[in-house]
Amino acid sequence: MLVFIDESGDTGLKLNGSSSPNLIITLVLFDDRAQAEAADKRIGELKRELSVHPEFEFHFSKLRHDWRERFLREMAAFEFFYFSVVLKKAELTEKGLANSLALYRYTCSLVFESAKPHLSEAIVVMDGTGSQQFRRELAAYLRKKVNEPGDGGKFISKVKLQDSHKNHLLQLADMVCGAVARSLTDKPNAKACRKLISHREMEVAFWPK
């Protein structure tokens with residue numbers, strides 16, 4: 001079982017315009033490794049068809065709309081599912097979430113709690129770019145949080161940090177997360193991309209509820 005995580009928005013709490021209104025964490029789950037490998041291969045083929053460099057990164061916010069739709073339409077044929085948590089910063093009252101790490105890891109824990117019934121010995125892959133200390137601390141937190149005693153099983157077997165430029169399925173997680181984020185705006189065609197993968201959506205939860 002393979003799990004890929006990505007986020008949209010930031011962990012800033014300056015809601016006067018310098019920080020995003022929401023932090024969204026998305027978990028993409030492949031129960032079948034063969035399906036993950038097939039999706040990975042198809043993304044590589046799509047790069048060749050679009051005549052982009054092999055190291056080109058599919059990043060939702062930087063793509064033209066027709067490429068977003070094509071990517072997600074192609075990926076919708078593969079057997080994966082996703083969960084997202086939308087943290088609404090303006091409604092936060094928890095003082096313990098006042099720093100970036102606490103805010104990020106708490107949101108991650110919420111999305112893993114949603115996915116727990118579907119996880120077993122999962123290998124979790126996260127984007128390792130950016131602050132290495134931040135990612136390592138988050139990885140350690142997830143191992144502890146998701147595998148708490150009394151849950152009746154080991155939900156995560158390993159957490160890996162990889163470069164999203166080199167991992168096609170981290171790029172898939174970015175594209176799915178971006179589609180969810182865009183659907184919550186009033187921008188043109190806001191819901192079009194999320195609609196393409198609606199049959200892969202397990203839950204999009206909002207917190208605070």
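**View 1. The second largest pocket of this predicted model has a volume of about 190 Å³.** A pocket here is an open set of points on a 1 Å grid over the protein atoms alone, with protein on both sides within 12 Å along at least five of seven lines. Its volume is the space filled by probe spheres (1.4 Å probe) set on the points, which are joined across faces, edges and corners. This is a predicted model, where local features need pLDDT of at least 70 and side-chain atom pairs count only at pLDDT 80 or more, while totals for chains, interfaces and linings use all residues. Residues are numbered from 1 along each chain as its sequence is written, and side-chain values use heavy atoms, leaving out hydrogens and water.

**View 2. Meet the lining of the second largest pocket, with Leu2, Phe4, Arg33 and Ala36 among its residues.** Lining residues have an atom within 4 Å of a point. Strand 1, helix 1 (33-49), strand 4 (122-127) and strand 5 (156-162) each give two or more residues. Helix 1 gives the most, with 4 residues. Helices (H or I, at least four residues) and strands (E, at least two) are DSSP runs numbered from the N terminus. By class, this lining has 6 nonpolar, 2 polar and 4 charged residues.

**View 3. The largest pocket has a volume of about 240 Å³.** Of its 14 lining residues, Ser8, Phe60, Ser61, Gly178 and Ala181 are the closest to the centre. Helix 5 (168-183) and strand 1 (2-9) each supply at least two lining residues, and helix 5 has the largest share, 5 residues.

Methods
Nonpolar A, V, L, I, M, F, W, Y, C, P; charged D, E, K, R; others polar.
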